[in-house]
Amino acid sequence: MVEKTYPMTLEGKAKIEAELEDLKVNKRIEIIDRIKIARSFGDLSENSEYESAKDEQAFVEGRISTLENMLRYAEIIDDKHIEKDVVSLGRKVSFKEIPDGDEETYTIVGSAEADPTEFKISNDSPIAKTILGHKVGDKVTIQTPGGSFDIEITRVESSDQ
């Protein structure tokens with residue numbers, strides 16, 4: 001069975017490693033303390049604090065497992081062998097909607113580190129899937145669940161710029 005790989009930047013990997021460390025070192029200890037306190041209240045069958053702590057423990061352990069798996073199968077994005085004006089993972093891309101849209105800029109990252117609030121979109125998103133491999137000046141049509149629109153790629157920046 002081939003495991004799924006998780007494309008990510010070095011910055012994204014460091015962020016995941018920091019979250020994993022926090023969960024293992026801090027959050028686990030907090031939850032264990034909450035469980036101990038809740039147990040001291042007596043009857044566990046009607047103890048909402050105990051149930052809440054156990055639920056949170058299950059969530060945290062699941063998240064730890066997910067993050068460890070992501071790191072185990074991380075594929076660090078290396079765009080150094082790709083032409084500078086070609087859209088690829090790890091690059092910041094600017095485009096404008098044709099004919100008169102405002103310019104928008106996003107960094108294309110793997111799904112593990114996608115964060116639209118930081119203008120980081122997943123390589124699995126409709127926009128990224130469509131523009132990957134295109135160059136500055138290319139005009140492409142983006143198909144989304146809400147309809148389609150045309151864009152022109154105006155700038156591509158390497159991750160090291």
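Visitor: What radius of gyration does the chain have, against that of a compact globule of 161 residues?
Guide: In this predicted model, the comparison is with a compact globule of 161 residues, which would have a radius of gyration near 15 Å. The C-alpha trace spans about 70 × 35 × 35 Å along its principal axes. For the chain, the radius of gyration is 21 Å.

Visitor: In what order do the elements of the chain run from the N terminus on?
Guide: The chain holds three helices and seven strands. Helix H1 covers residues 10–39, and strand S2 covers 74–76. From the N terminus on, the order is β-α-α-β-β-β-β-α-β-β.

Visitor: What share of the residues of the chain count as buried?
Guide: The cut-off for buried is under 20% relative accessible area. The chain exposes about 9,900 Å², with carbon and sulfur atoms supplying 50% of that area. Of its 161 residues, the share that count as buried is 31%.

Visitor: How far apart are the mean positions of the positive and negative charges of the chain?
Guide: The chain has 22 positive and 35 negative charges.

Visitor: How far apart are the end C-alpha atoms of residues 84–157?
Guide: UniProt, in an unreviewed entry, places the feature "domain: Transcription elongation factor GreA/GreB C-terminal" at these residues. Over residues 84–157 the chain is 8% helix and 45% strand. The end C-alpha atoms of this stretch are separated by 7 Å.

Visitor: What is the C-alpha separation of Lys92 and Glu157?
Guide: Lys92 lies in strand S3, residues 92–97, and Glu157 is 65 residues away from Lys92 along the chain. Leaving aside neighbours within four places in sequence, Lys92 is in contact with Thr105, Tyr106, Thr107, Arg155, Val156 and Glu157. The C-alpha atoms of Lys92 and Glu157 are separated by 5.1 Å.

Visitor: Is Ser94 buried or exposed?
Guide: Ser94 is found in strand S3. Not counting residues up to four places away in sequence, Ser94 touches Glu103, Glu104, Thr105, Glu152, Ile153, Thr154 and Arg155. Because its relative accessibility is 1%, Ser94 counts as buried.

Visitor: What class of accessibility does Lys92 fall into?
Guide: Lys92 is in strand S3, and among its contacts are Thr105 and Arg155. With a relative accessible area of 36%, Lys92 is partly exposed.

Visitor: Is the peptide bond from Ile98 to Pro99 cis or trans?
Guide: Pro99 is found in the loop between S3 and strand S4, the latter at 103–109. Most peptide bonds are trans. Omega of the bond from Ile98 to Pro99 is near 15 degrees, and this bond is cis.

Visitor: What is phi of Phe119?
Guide: Phe119 has its place in the loop between S4 and strand S5 (120–122). At 48% relative accessibility, Phe119 counts as partly exposed. Most residues other than glycine have a negative phi. Phi of Phe119 is positive, near 60 degrees.

Visitor: How far apart in space are Glu30 and Glu11, C-alpha to C-alpha?
Guide: The place of Glu30 is in helix H1, residues 10–39, and Glu30 counts as partly exposed at 45% relative accessibility. Glu11 is 19 residues from Glu30 in sequence. C-alpha to C-alpha, Glu30 and Glu11 are apart by 27 Å.

Visitor: Which residues is Asp85 in contact with, leaving aside its neighbours within four places in sequence?
Guide: Asp85 lies in the loop between strand S2 and S3. The relative accessible area of Asp85 is 30%, so Asp85 is partly exposed. Its C-alpha atom is separated by 58 Å from that of Ile37, 48 residues away along the chain. The contacts of Asp85 are Arg91, His134, Lys135, Val136 and Val156.

Terms used
Residues are numbered from 1 along each chain as its sequence is written. This is a predicted model: local features need pLDDT of at least 70, side-chain atom pairs count only at pLDDT 80 or more; totals for chains, interfaces and linings use all residues. Side-chain values use heavy atoms; hydrogens and water are left out. Helices (H or I, at least four residues) and strands (E, at least two) are DSSP runs, numbered from the N terminus. The radius of gyration is taken over C-alpha atoms; the globule rule is 2.2 Å times the number of residues to the power 0.38. Buried means under 20% relative accessible area, exposed over 50%, partly exposed in between (1.4 Å probe, protein chains only). Accessible areas come from the Shrake-Rupley method with a 1.4 Å probe; for residues, only the protein chains shown count as cover. Lys and Arg count as positive and Asp and Glu as negative; His and the chain ends are not counted. The place of a charge is taken as NZ of Lys, CZ of Arg, CG of Asp or CD of Glu. UniProt positions are given in the numbering used here, feature names are shortened, and annotations may be inferred rather than shown by experiment. Contact means heavy atoms within 4.5 Å.
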